[in-house]
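Student: I have a model open and would like to talk through a few of its residues with you. Could we begin with the terms?

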Amino acid sequence: MSAPSDDDRGEMSPAERDAFKRRISELDQKLGKAKGQPGGSAGGAGSGNGGSAASTGRGMAAGLQMASEFVAAIIVGAAIGYGLDWATGFSPLFLLLFVLLGFVAGVMNLLRTYKRVQGSVGNIGRDLPHDEDDDK
């Protein structure tokens, strides 16, 4: 594009517009290839944030599972600690200890589930092949 003058409002010439459209088409094809849709358009239905409805559902399910397992681990730890406190007569000792253990177990479950989900994602987050990457 040429340098804007006083009467130029940033409008492109027809040649510049054609070059721009060609470049967008090339980028769209590369993006479609990276998403596993050879030659396809990346702006189809269900591509609001780069994922299909099925992958969004799987992600939400994994998130809900992680949250519920985390909370359940803490609640189970608190219940065991409360029960031991009641049985032995030590007031907050076992409750605090088992709440802490439940928290640690919950974090370990979160990490385990996160690794499993990341392993099943597939190509999402991977870079383009070297020959198709413009960042050289």
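Tutor: Gladly! Helices are DSSP runs of H or I with at least four residues, numbered from the N terminus. This is a predicted model, where local features need pLDDT of at least 70, side-chain atom pairs count only at pLDDT 80 or more, and totals for chains, interfaces and linings use all residues. Residues are numbered from 1 along each chain as its sequence is written, and side-chain values use heavy atoms, with hydrogens and water left out.

Student: Is Thr-113 buried or exposed?

Tutor: Thr-113 sits in helix H3, residues 93–121. Buried means under 20% relative accessible area, exposed over 50%, and partly exposed in between (1.4 Å probe, protein chains only). Thr-113 has 5% relative accessibility, so the residue counts as buried.

Student: Which residues is Thr-113 in contact with, leaving aside neighbours within four places in sequence?

Tutor: Contact here means heavy atoms within 4.5 Å. With those neighbours set aside, the partners of Thr-113 are Gln-65, Met-66 and Glu-69.

Student: How many residues apart in sequence are the parts that Phe-70 and Phe-103 tie together?

Tutor: Rings of Phe, Tyr and Trp (its six-membered ring) pair if their centres lie within 6.5 Å; planes under 30 degrees apart are stacked, over 60 edge-to-face, and the rest tilted. By this rule there are 2 aromatic pairs. Phe-70 and Phe-103 make an edge-to-face one, 5.5 Å centre to centre with 70° between the planes. Because Phe-70 belongs to helix H2 (residues 53–88) and Phe-103 to helix H3, the pair ties together parts whose separation in sequence is 33 residues.

Conventions
Helices (H or I, at least four residues) and strands (E, at least two) are DSSP runs, numbered from the N terminus.
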